[in-house]
Amino acid sequence: MNTKSFNNTFDVIVVGGGHAGIEAAHAAATMGSHTLLITLDKNKIGWMPCNPAIGGLGKGHIVFEVSALGGLMPKLCTQTYIQARMLNTKKGPAVQGLRLQIDKDKYAQLSREKLEALESLTIVSDMVDSVIINDDKQITGVITKNNQEFYASSVVVTTGTFLKGTIHIGQESQPGGRRDEQAANSLSPQLKELGLKLGRLKTGTPPRLLKESVDFSKMERQDSHELEYLFEFYPHKVSNTHDCYITHTNANTHKVIHDNLSKSALFGGKIEGIGPRYCPSIEDKISRFADKASHHIFVEPEGADSDELYPNGLSTSLPLDVQLDYIQSIKGFENAVITKPGYAIEYDFVHPEQLKHTLELKEISGLFLAGQINGTTGYEEAAGQGLIAGINAHLKINNKPEFTLSREESYIGVMIDDLVSLGVDEPYRMFTSRAERRISLRQDNAFARLTDKGYTLGLIDEQLYFDFCKEKNLVNKIVSDLRSKYNTGQLLRMFGELTCNKEAIRALTPETLADRTVINIYADIKYYEYLIREEKEIRKAQKYRQMSIPMDLQFATICGLSKELQEKLNHHKPDTIAQAMLIPGMTPAAISLLIFRSKELIKST
């Protein structure tokens, strides 16, 4: 325990030092709360037990929003990345996503250093066994495994996969919150006793491979991209890049896995938790997509100086000997050495519909939950929740108005609204398709959308805010001037209809424009007509919110509705348009189709 605090009473207590806990502690302490962070191991603060990468489609949007609100994750990324790529570059700016490969050891080390430098933050190594609740259902503190009591009227619980965590390798199981770390077995039963509804989820990780045992010459090299900015506001020229590679599974791989499915914890009946649909284990993929001849494997370093590789796409709960057999059937892995076996992990979570949009529990005042305890998966989703929980934990103890984000203004708002409105029946992962207004919720305009809020909260410093306002005003002026002189078609012919001609836009002003700023201008022009149409569809949907959806409407017959949305509609069976609008990924265009078909059926009866 460091000595910044000389008593056991705090304003805010944060339980868990993962990505949600980091943001919660950082936000509360930066805003002025006397904050305590309780974590099992200070050296594992900000640890990446799965893929050491941050960002991607949808996920990267959340990180940009964390940045715009003054969070810590983007700053850590800039100083610890080892490769940078912009995904979906053949598509428009609205669905592109920045993804960084991270040096996980440096990230964890820097996370601890940044938190320890906060004057208002104290860090204690311990495990929380229970929370203290008074007769008015108000939280007053926590009790740790070492029988220490700490008191606060705001507590943020960010326990990740540790709640009754169980690790599975084949038919062998053992308690554990992560590899070589103990599970938190006492808190779950107490949360149930307090009346909370808990469930069980599952995730997993692939085996790690010895770098020198892999033949990269047989693989496709995946180069870094030349970028002029990352997740932070200020430009950053990409450097310090390290090679990543792509290989593939094959018929032999699939046979080995298929022949041993009964030995998998997942298929052998050992696992009861529900796994992530969009990041399944390799045995799940082989079973569900039996007609597919191969699957991509992204071979990524665990750090700049690490001798271990992460074979992204090979998450498994098969026994170690089977893992070695299927690994060595893959091109480039013929002589691969497994340094750590892959495993599946089950853990408890709290059904998130019991939360407010502030991430405070409805029934227990002052108790906030963030991250995987709410049924999400991913470092980015955890960080976004941790930031909101930490902000509101501080605001609550200061009797200030709560802070929430709507789904119309942010991906963080989409995620939280999905969680508290619909709950989860599988680990929740962010995609751009979940946002109804993804054309206006782009990563390039995250600062324009949210930095004013971050500044008002006290999380954005004066110099950054001054520079942001200067850039925002410049963008608005350039876009306004262009629209007064040209129509959208003319502008796109000048600047490129498919790809952005950055130099043509830069030529409009003597000011130095960062790539993000140029793309912001281009996107405002490119999507202008779409944004107008999107606004009309949203207003139309609002008008028809109370319209009933006929019981005999067959969603599969609605032309233009994706298979995924058909499945979701069949699953949720909404009675009204308002209920349909709450379904994750339901777009304004899809709602318009639903309204049209409902009106047709109603007229015909």
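Let's start with a strand pair: β7 and β8 (residues 139-144) run antiparallel to each other and are joined over 5 bridges. Strands here are DSSP runs of E with at least two residues, helices are runs of H or I with at least four, and both are numbered from the N terminus; two strands pair if DSSP finds at least two bridges between them. Within this pair, Ile-132 has Gly-141 of β8 as its bridge partner.

A word on the model: it is predicted, with local features needing pLDDT of at least 70 and side-chain atom pairs pLDDT 80 or more, while totals for chains, interfaces and linings use all residues. Residues are numbered from 1 along each chain as its sequence is written, and side-chain values use heavy atoms, leaving out hydrogens and water.

Now widen the view. The open sheet has 3 strands in the order β7-β8-β9, with antiparallel pairing. β7 (128-133) and β9 (149-151) are the edge strands with a single partner each, so one side of each has no neighbour in the sheet.

On to the helices. The axes of α6 (residues 251-259) and α8 (residues 320-327) come within 8 Å and cross at roughly 165°, where axes are lines fitted to C-alpha atoms over the stretch in contact and angles run from 0 to 180 degrees between N-to-C directions. That angle makes α6 roughly antiparallel to α8, a label used for angles over 145 degrees. Thr-253, Val-256 and Ile-257 of α6 meet Val-322, Asp-325 and Tyr-326 of α8, contact meaning heavy atoms within 4.5 Å.

Note on methods
Parallel < 35°, antiparallel > 145°, perpendicular 65-115°, else oblique.
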